[in-house]
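Biologist: I have not worked with this protein before. Could you put the model up and take me through it?

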Amino acid sequence: MKMFKRFAAALLAGVMVLAMLTACGGAGGSGSPIAPGSDVEKAEAFYMDVYNAMLEAEYQNDTTLKAEAKKVLEDSLDDNGALKSGKKMTVTLESDNAFVQTAITIVPADANSSTPLGLTSEQLTQAMAQKDKAIAEVKGQVGNSMATLKKCTKKMAVGAVKKGDKTYVAIAMTMDLSSVMQ
């Protein structure tokens, strides 16, 4: 469990660095063209792309985990996107296997924050335009822990919900820590 908490902390560090970058305005960058669809679909595709690039992987947005991430967002956020009383930014799902754990983290507004990051349509467009920069900065911040995260990550998903004029995101990862303990 102690090792799982370390990996969850590394994941959260990556999420926080990414959140700080997406909250920054400004145009430019060589990001991919904006995908058609709703802000929720765009946010899910954007964060999946970023995490796949960070982990040098090709995870699909697991439908079961995505539903769990959306459920955490719906259960944890009020209609204005604020964290409800007694709710946490990171939720760990129960598992029959002590080595296999799933953590769902709501993307925070900034480091050490218990305030969820809500992106307007314009901010999401700006973040997507700066995707390559975000990936490079996150890789620089978390360093070697990405290789270990990649080794133990079995499934991954991004869920997003719209609250008012903002989109909120949660990242879900299922990790098998037995693969890094051998």
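Biologist: Which pattern does the protein follow when read along the sequence?

Modeller: Keep in mind that this is a predicted model. The secondary structure comes to 6 helices and 5 strands. Read along the sequence, these elements give the pattern α-α-α-β-β-β-α-α-α-β-β.

Biologist: Among contacts between residues at least 6 apart in sequence, what percentage join residues at least 24 apart?

Modeller: A contact here means heavy atoms within 4.5 Å. Taking the contacts in the protein between residues at least 6 apart in sequence, the share that joins residues at least 24 apart is 75%.

Biologist: What percentage of the residues in the protein is buried?

Modeller: A residue counts as buried under 20% relative accessible area. The protein has 182 residues, and the buried ones make up 45%.

Biologist: Which element gives the largest share of the largest nonpolar core?

Modeller: That core has 29 residues, and those with the most contacts inside it are Tyr47, Leu55, Met156, Val169 and Ile171. Elements that give two or more residues to this core include helix H4 (121-129), helix H5 (131-142), strand S4 (153-163) and strand S5 (166-176). The largest share, 9 residues, comes from helix H2.

Biologist: How many residues are in the other core that lies apart from it?

Modeller: Val72, Leu77, Met89 and Ala172 are among the members of this other core. Its residue count is 13.

Biologist: Which residues does Leu55 touch, not counting residues up to four places away in sequence?

Modeller: Leu55 is one of the residues with the most contacts inside the largest nonpolar core. With residues up to four places away in sequence left out, Leu55 touches Met146, Leu149, Lys150, Met156 and Met173.

Biologist: Why does Tyr51 count as buried?

Modeller: Tyr51 lies in helix H2. The cut-off for buried is under 20% relative accessible area. Tyr51 counts as buried because its relative accessibility is 2%.

Biologist: What distance separates the C-alpha atoms of Tyr51 and Met146?

Modeller: Along the chain, Tyr51 and Met146 are 95 residues apart. Their C-alpha atoms are separated by 9.9 Å.

Biologist: Is the aromatic pair of Phe46 and Tyr47 stacked or edge-to-face?

Modeller: A pair of aromatic rings is described by the distance of the centres and the angle of the planes. Phe46 and Tyr47, both buried, have ring centres 5.2 Å apart and planes at 85°. Planes over 60 degrees apart count as edge-to-face. The pair of Phe46 and Tyr47 is therefore edge-to-face.

Note on methods. Residues numbered from 1 in each chain as written. Predicted model: local features only at pLDDT ≥ 70, side-chain atom pairs only at ≥ 80, totals over all residues. Heavy atoms only, no water. Core = buried A, V, L, I, M, F, W, Y, C linked by side-chain atoms within 4.5 Å. Buried < 20%, exposed > 50% of the residue type's maximum accessible area, 1.4 Å probe, protein only. Helix = DSSP H or I, 4+ residues; strand = E, 2+ residues; numbered from the N terminus. Phe/Tyr/Trp six-rings, centres within 6.5 Å; stacked < 30°, edge-to-face > 60°.
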